[in-house]
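Try each task before you read its solution.

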Amino acid sequence: MAKYIKCPRCEINYIKEGEELCEVCKAELRIGGMELLDEDEYEEDLIPCPICKENFIHPGQDMCDECRERLARDEAEEKDDEWDDKEEEVLDDDNDLSLDQMEDDEFDDEYEEEEE
């Protein structure tokens with residue numbers, strides 16, 4: 001059976017003997033391996049993205065890259081939908097006449113003029 005010890009960084013969570021940090025500390029330090037960042041390298045000025053609240057951004061940025069891409073994709077889809085709506089409006093307009101209807105109207109007008 002594996003022996004557990006307290007995490008040397010937080011001294012709250014337990015880890016298996018031989019591991020360096022608990023999963024919580026790894027997530028806080030944003031490391032995949034077992035190396036720690038120096039305090040100078042660790043950027044404490046990052047803030048959570050105001051939209052997704054999952055990714056971190058620098059102060060002054062309005063959103064993270066993922067949210068920016070999602071917004072651009074949504075706007076492109078909306079534009080496509082607007083074009084589809086405009087095409088439907090043109091096709092559904094009752095004032096439009098087909099070529100056959102226009103020819104029939106012209107023929108009727110010519111026939112009426114000849115009768116008079």
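**Exercise 1. How far is the sulfur of Cys22 from the closest cysteine sulfur?**

Step 1: The closest cysteine sulfur to that of Cys22 belongs to Cys25, and the distance is 3.5 Å, too far for a bond. Step 2: A disulfide is a pair of cysteine sulfur atoms within 2.5 Å. Step 3: Searching the whole structure with this cut-off gives zero disulfides. Step 4: Cys7 is likewise in no disulfide, and its nearest cysteine sulfur, that of Cys25, lies 3.7 Å away.

A note on the source: this is a predicted model, in which local features need pLDDT of at least 70 and side-chain atom pairs count only at pLDDT 80 or more, while totals for chains, interfaces and linings use all residues. Residues are numbered from 1 along each chain as its sequence is written, and side-chain values use heavy atoms, with hydrogens and water left out.

**Exercise 2. Decide whether Cys7 and Cys22 are buried or exposed.**

Step 1: Recall the cut-offs: buried means under 20% relative accessible area, exposed over 50%, and partly exposed in between (1.4 Å probe, protein chains only). Step 2: Cys7 has a relative accessible area of 1%, so Cys7 is buried. Step 3: Cys22, at 4%, is buried too.
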